[in-house]
Structure formats: C-alpha cells, structure tokens
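Here is a brief report on one protein chain. It covers confidence, strand pairing and helix packing.

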Amino acid sequence: MSVFNLLSIQVNFKFTAPQTVQLNQLDEWLNGVLQTPPVSANTPATRPQKEPSDTQVGLMEAIQRLTTGVLQWAYFPVFDLPALATVQAGESGVVTASLQFPYRGAWPSAVYEQATSLAVKYLLWMNQNPVNDANKAALFADIERSVLNAFRAQSGSGKSTLPVLRAAHAMGIPYRCLGAGVYQLGLGSQARRLDRSVCDGDSAIGAKLSQNKAVTANLLRMAGLPAPNHRVVGKAQDLPAVAQQLGFPLVVKPSDLDRGEGVVVDIVDEAALAAAFEQAVKLSPSKQAIVEQQVQGTCHRLFMFNGALLYAVKRRPMGVFGDGVNTVAQLVGLALAEQAQLPPWARSELKPLDEAAHAELVRQNLTAESIPVQAQFVSLRRIESTRDGGVDEDVSAQIHPDNLDIACRAARLFGLVVAGIDIITEDISKPWHHTGAIINEVNFAPLLGGGDISRANLSRFLTALLPNKGLIPIERFAQDNFAGAQARHLELLGTGARSVLLSSDCCTAADGVNRVLTQRDLASRLWAVTMDATVDAVVVVG
C-alpha cells in the first residue's frame, strides 16, 4: 500500500470564468509555450473546440496542469496533477472549486494555495491574450518575478532537487519533504535523505573543508594528491613577491567563493595581477584572494558516488557551434532569439557578445564577423563556470585509471559519498603524473541533473543510492482481522525483519514495546512509522 495516497491537502478557490473560453488558445500556451505537464500521457497537443457543456472540464484541466507547472517552476517537486475534488458554477459565471494534492510533508498548505492562485491568474490572462512575442515576454517577466524569484524562495530547494526527485518519481521511489529543502527518499530502514545532491552519508567536516579553496589544496597536497600551487594573499603589496615565487601565467580567485565567481586566468603581468586581485578581494567575504600558478588544460568534472564514477564531463565554456554560413555575431543572435522563445527556467546561460566575449574571440584569432566552419566550437568565455554556463562533453569512457584513482582518493579524503572532483588536464585519457594535471577543486553538493548528460545518469545514481527503490513491505489487514495481522507480524519478526504492528490505537515495535504516537488517524501514524530508520516492515490493521 502507498503511504502517500492516504494523506492529502485540499485547496478551495473561487474565480469568475470568462464568457468565452478559448480552449485552443489555452492549449497553445500550455503545450507550446509553457510546456506544462499534460493531464495524461495521451493528452493531444491540440484539442477541438469543446461543446459548452465540456468547456468547464477543459478549463479545470488547464488549471490542474498550470498549478502543477507553477509548483515545479518554484522547485516544489509535485509531479502528479491534483485531483479535481469539487467544481460548481454559480451565478454571473462564478466558479467554486477545490483541488486535492497528495501530502508531501513539510510544506504548508499556503504553498498549494499560492500555486493555485497564480495558475488561475495566468490562465485567465492567457485566455484573453493570444500567443505572440510581446505577450510571451510579458508573461515570462511576470513568472520570473512572481514565481522564480518570490515563490521559489519558499521551497528551500536547489537546482539538483527537482531533476533528482523527478527521476525518483518516474522510478516509483516515494519521497517526502522534511523541511529546509531536505527530502527523505524511500521508507523506514531503506530510506535515505537528500539535500540537492548531498546525501546523508556525506561528512559535515568534509563539506566544511571543501568549501575553502586554500584548505582544500593543502589537504590534497598533504595526502600526496596533485594540487594547485598557490598563495593566499590579503594585501596588494605582497603581490610582486608572490608573482616572483610562482611565475606567470597566474590565476586569481576569491578564496571562499564558488560558481567561478571572480576567477581571472591568463594573468601575465603585474598590472593585470593587481586588477584581478582587487576584483577578487571585493567579492571575497574574508577579503582574501588565491594567487595560483596556472595549469594548462580544461576542467573535467568527475561526478563520484560512493567511491565509484557515475559520469564525467569535459567542461567547455559558454559558446556556439559554427555552421559555415553565419558569422559569430549572427550565431549568437540566432541562439539568443531561440532562447528567448523558451520559458526562463528552460533557457541556457548564453549571453550577448560583451567585452569578455570579444576578448576570448581575439584569443582564438576570431572576431564577431568571423564565419566558423561547420561544427567548430567558438568559446565566448575563457573558462566554464556555473554563473556563465558552458557546454559539457561526456568523457566517462576516456578517463585514465590513474585519474580515476585520484578522484576516488580525493572524495574519500574529504569523507564525501557524493562529490564533484575537478581535474584540470589537457588530456583526461593520459595519467595525471605525465601531463602535470591537478585536482583544482573538490565540490561538495555538485550540480546533479542540470544537463542532458547528468540527467541521463540519474536513474543509475538513484538505483545505487536506494536498492529496491527504498521500499519496505507494508501489509494491510481488515479491522476485524487483528489476529491475522498479529500472526503476520510475528512471522516477519521470525525472519529477522524489524516489523511494526500498527493500528489506530497501537504501535507495537519489534522489541514488543508499544510506542506512543501523537497522531490518532491511521494514515498519519503510518507516515510517522515509515520515518523510523529501524523499521523493516509494517503490518497495518484498519
């Protein structure tokens, strides 16, 4: 039996239905523009105009879909459409209705109410406004302001949360919110807890160590692993001596920021060093910068789980691919126009040509008017960063065993079950000790599910994390068959399973002691019991 079908939250709402419902126009918005979840796998992309008696049905289906979409845009992992519990048309077109959502844990009912209110607001607007570029821009701007910024802040989730839980849902893995963006996947003794890509086995001490670049490099060095050669600098007057010690070219970065913020590479003189240092110190909370000897090559992210490689990517910077016809400026313009047609949450990080892009073009002996050949990659940033985005290339099958070994050792050194190990090398297929490669960073909570390559590996990640989908046996007996339930409970105990016998007035644990629960209704009691990591099975009476 499913724990999550027993509890629900009902949202009551009221609105004035439009005199004419443009169902085809609503379909164009929901399917073509907003890409909202369909009512079912067989829902057509377009629907013939319904008869007036069916118009209300189409309108309510659209509200169900859009409410689910709003929740997902705000990083609330709701993937099943709410049930339409009641709907009634009153005088002057006033519709009174209620939606029933499966209960998912620590979110307040106001979350569902807010999502429903926003969905109704957007739906009525879309019914009045046809799909065109101006209207899309207006709607996207409101969604970005009201949902992506204001509403999303309430979820506590990160970029990895939604794709990971979407994959879990598709695999039949139960999940619930524990609060603060933390989720329990699975039940009882088979459950695990996740926060973005962080799992309950990750070391808090390791997380703290990895979030300081200088500490990370020193720890790697102590463990005999290849680390950056750097100095931590707090005063500008120390820069000339540091440059002499390390030698140009240099890299400067804030000592305590991630996402590639404030990183400057290819520094070849003291003037550029001073400018980069000033920028890094302004961004750094500790007002310190790392000055680092630059290593030639590209960053390769090895995503490690439980001591093994899940996948690896070569992290190219933001850029475009040539077609042999268009100039770089035209390629960027075409790509930006294509991105503008997508909803904000589906867009890449591509930006218009700016000073940084022009400087990178010069480095490649190109200009904005150059015409790259077919499939030629033109980078618009010197390095990839989370802030500016990039283009990933799957290199999982190319990694030399020695490079995989240092990634495993680094993750183990920091006590991280989940880790993103960044290796800078010119060739990941050659051993690090032949190429001068380094481990540039050990990433706690690396982004998981952010790109196609990563999403393709989510099922492998979840299968390794939760064997048997994190499920435990839950068997239900009728109220008048307590003796049968008790016999089954004893039978499970005999197999070594830590079974719990549960009813509305008893909760007998494996040790024979009756546990007192604050809840009285059976559904809430079952929810509570399956949060206990010592429970292997539950026998329910009622």
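## Confidence

The chain averages a pLDDT of 92, and 96% of the residues score at least 70. pLDDT is the predictor's confidence in each residue, from 0 to 100. Over residues 41–53, pLDDT stays under 50. For that stretch the model has 15 contacts (heavy atoms within 4.5 Å) beyond four places in sequence.

This is a predicted model: local features need pLDDT of at least 70, side-chain atom pairs count only at pLDDT 80 or more, and totals for chains, interfaces and linings use all residues. Residues are numbered from 1 along each chain as its sequence is written, and side-chain values use heavy atoms, with hydrogens and water left out.

## Strands

Helices (H or I, at least four residues) and strands (E, at least two) are DSSP runs, numbered from the N terminus. Two strands pair if DSSP finds at least two bridges between them.

Strands β4 (residues 175–179) and β5 (residues 182–185) pair in the antiparallel sense over 4 bridges. C177 has Y183 in β5 as its bridge partner. The β4–β5 hairpin has 2 residues between its strands, and A180 in the turn has a positive phi of about 60°.

β5 also pairs in the antiparallel sense with β6 (residues 192–195), over 4 bridges. Here L185 stands opposite R192. This hairpin has 6 residues between β5 and β6; G186 in the turn has a positive phi of about 90°.

## Helix packing

Helix α1 (residues 23–33) packs on helix α3 (residues 109–128) at an angle of about 120°, with the axes 8 Å apart. Axes are lines fitted to C-alpha atoms, for helices over the stretch in contact, and angles run from 0 to 180 degrees between N-to-C directions.

The contact involves Q25, L26, W29 and L30 of α1, and L123, W125, M126, N127 and Q128 of α3.
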